[in-house]
Amino acid sequence: MRSRPPPATSTTSPHSGHGEKAAARIGRYQRQMARRRAPKGKAQSRGYRRAQKRAAKAHKKAARQRTDDTRKWAKKVARDFDAIAVEDFRPKFLARSTMARKAADAAIGATKRALVEMGRKHGRDVRLVDPAYTTMDCGDCGARAKHRLPLSERTYTCTACGVSRPRDKNSARVMLVRAGLDPDGADGARPPAPPGRKAA
């Protein structure tokens with residue numbers, strides 16, 4: 001039986017898969033371009049140029065949808081929390097991995113930039129955190145696991161203090177601790193608007 005993904009929350013990074021949804025359409029246009037490509041030195045046909053424009057338009061639409069989702073999510077997070085810890089993540093290495101397409105579709109780097117920008121725009125305390133070992137450290141005692149957890153293992157259990165919690169929640173707690181914030185105070189209550197700005 002296939003398990004359902006966890007429900008999205010205000011802190012779940014948006015990933016609607018716009019690029020994946022547009023891939024079939026873009027692939028169709030690219031196949032049309034391949035069939036209609038003129039020999040070298042000759043002008044491309046009207047059908048080739050039309051397919052080329054449609055492929056470019058589909059690419060731009062997916063990019064605009066990703067940007068819109070990212071900005072809306074970042075704005076909601078910035079309005080709901082007065083202090084934000086963000087992994088100072090540089091996803092360049094993913095471009096050379098099997099996750100390259102999914103990473104590009106998720107726009108990880110753009111999401112981080114939008115969150116930092118929106119946080120500062122709304123007067124929030126935004127802190128960048130070193131992402132190293134956030135999935136291996138314990139959010140309570142700080143002990144580090146001896147081995148990396150496989151992605152299939154969704155529960156983190158500390159061998160030192162025995163605490164057990166969902167892997168993502170433990171990583172979030174580690175980030176808050178590294179940022180110098182109180183993990184137990186992150187209750188998600190909407191903070192007051194910054195000075196000079198009306199509350200939404």
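Trainee: Which residues are buried in H2?
Mentor: In this predicted model, the buried residues of H2 are Gly47, Tyr48, Ala51, Ala55, Ala58, Ala62, Thr70, Trp73, Ala74, Val77, Ala78 and Asp80.

Trainee: What span should helix H2 have at 1.5 Å a residue, and how far apart are its end C-alpha atoms?
Mentor: Helix H2 covers residues 46–80, and its 35 residues should span 51 Å at 1.5 Å a residue; the end C-alpha atoms are 51 Å apart, so the two values agree.

Trainee: Which residues of H4 are buried, then?
Mentor: Those of H4 are Gly109, Thr111, Lys112, Ala114, Leu115, Val116, Met118 and Gly119, and the helix is followed by Gly123, whose phi is positive, near 75°.

Trainee: Why is Tyr133 classed as partly exposed?
Mentor: Tyr133 is put in that class because its relative accessible area is 37%, and the class runs between 20% and 50%.

Trainee: What sits over the ring of Tyr133?
Mentor: The charged end of Arg144 does, at 3.9 Å from the centre of the Tyr133 ring. There is also Arg28, whose charged end sits over the ring of Tyr29, 5.3 Å from its centre.

Trainee: How many aromatic pairs are there?
Mentor: The count comes to zero aromatic pairs, where a pair would need ring centres within 6.5 Å.

Trainee: Let's move to Arg165: is it buried or exposed?
Mentor: Arg165, whose place is in strand S4 (residues 164–166), is buried, because its relative accessible area is 16% and the cut-off is under 20%.

Trainee: What is Arg165 in contact with, leaving aside its neighbours within four places in sequence?
Mentor: With those neighbours left aside, Arg165 is in contact with Gly139, Asp140, Thr155, Tyr156, Asn170 and Arg173. The contact with Asn170 includes a polar one, in which the side chains of Arg165 and Asn170 meet at 3.2 Å.

Trainee: And how far is Arg165 from Arg154?
Mentor: Their C-alpha atoms are separated by 8.9 Å, with Arg165 and Arg154 lying eleven residues apart along the chain.

Technical notes:
Residues are numbered from 1 along each chain as its sequence is written. This is a predicted model: local features need pLDDT of at least 70, side-chain atom pairs count only at pLDDT 80 or more; totals for chains, interfaces and linings use all residues. Side-chain values use heavy atoms; hydrogens and water are left out. Rings of Phe, Tyr and Trp (its six-membered ring) pair if their centres lie within 6.5 Å; planes under 30 degrees apart count as stacked, over 60 as edge-to-face and the rest as tilted. A charge sits over a ring if NZ of Lys or CZ of Arg is within 6 Å of the ring centre and within 35 degrees of the ring normal. Buried means under 20% relative accessible area, exposed over 50%, partly exposed in between (1.4 Å probe, protein chains only). Helices (H or I, at least four residues) and strands (E, at least two) are DSSP runs, numbered from the N terminus. Contact means heavy atoms within 4.5 Å. A polar contact is a pair of N or O atoms within 3.5 Å; within protein, one must be able to donate a hydrogen and the other to accept it, and residues adjacent in sequence count only if both atoms are side-chain atoms. The expected span of a helix is 1.5 Å times one less than its number of residues.
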